[in-house]
Amino acid sequence: MNDDQCTSYFSAACPGREVFDQLADKWSMMVLTTLNPGPMRFNEVRRQLEGITQKALTQCLRRLERNGLVTRHVITTSPIAVEYTITPLGSSLQKPFYALHLWFLENMPEIERAQQGYDERKADGQ
């Protein structure tokens, strides 16, 4: 990557754009937050995240591993198990995630009012 690729934060050539997209997906923040207290096996993570499919969790964990945010460790027991651990890089996201969560909690009433107003306007044909 050279500096020209990221002169614009939204440039398609900027590798950070792909990572941002992956972190902002439906599950990544929740997976990283779930793993923050300590290592977990795949099914433990899945049980913590209501509604996630096995396929979606597998894809999410692979992306997070590729980006250096989690590590995957094969446990050679019978049956073989896989354990995931958040890396120091992944842990460094907890502070911004917490700030985003606080923002969400503080602003949820206003968001709900906006959603209700929008839905009412749409129902009236506007």
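Helices (H or I, at least four residues) and strands (E, at least two) are taken here as DSSP runs, numbered from the N terminus. The model is predicted, so local features need pLDDT of at least 70 and side-chain atom pairs count only at pLDDT 80 or more, while totals for chains, interfaces and linings use all residues. Residues are numbered from 1 along each chain as its sequence is written, and side-chain values use heavy atoms, with hydrogens and water left out.

V19 counts as partly exposed because its relative accessibility is 30%, between the limits for buried (under 20% relative accessible area) and exposed (over 50%), with a 1.4 Å probe and protein chains only. The C-alpha atoms of V19 and R63 are separated by 8.9 Å, although these residues are 44 residues apart along the chain.

Helix α4 comes next. The buried residues of α4 are A56, L57, C60, L61 and L64. They cover an arc of only 125° around the axis, and therefore lie on the same side of α4; the arc is that of the directions from the helix axis to the C-beta atoms. The face turned away from this buried side carries the exposed residues K55, R62 and R66. Covering the buried residues of α4 are, among others, α1 (15-23), α2 (28-35), α3 (42-48), β2 (70-75) and β3 (81-86). Just after α4, G68 takes a positive phi of about 80°.

In soluble globular proteins, nonpolar side chains tend to be buried together. Here, the largest nonpolar core has 22 residues, and those with the most contacts inside it are W27, V31, L32, L35, L57, L61 and L64. Such a core is a set of buried Ala, Val, Leu, Ile, Met, Phe, Trp, Tyr and Cys residues joined through side-chain atoms within 4.5 Å. The elements giving two or more residues to this core are α2, α3, α4 and β3, and the largest share, 5 residues, comes from α4. Leaving aside neighbours within four places in sequence, W27 is in contact (heavy atoms within 4.5 Å) with L49, E50, G51, I52, A56 and C60.
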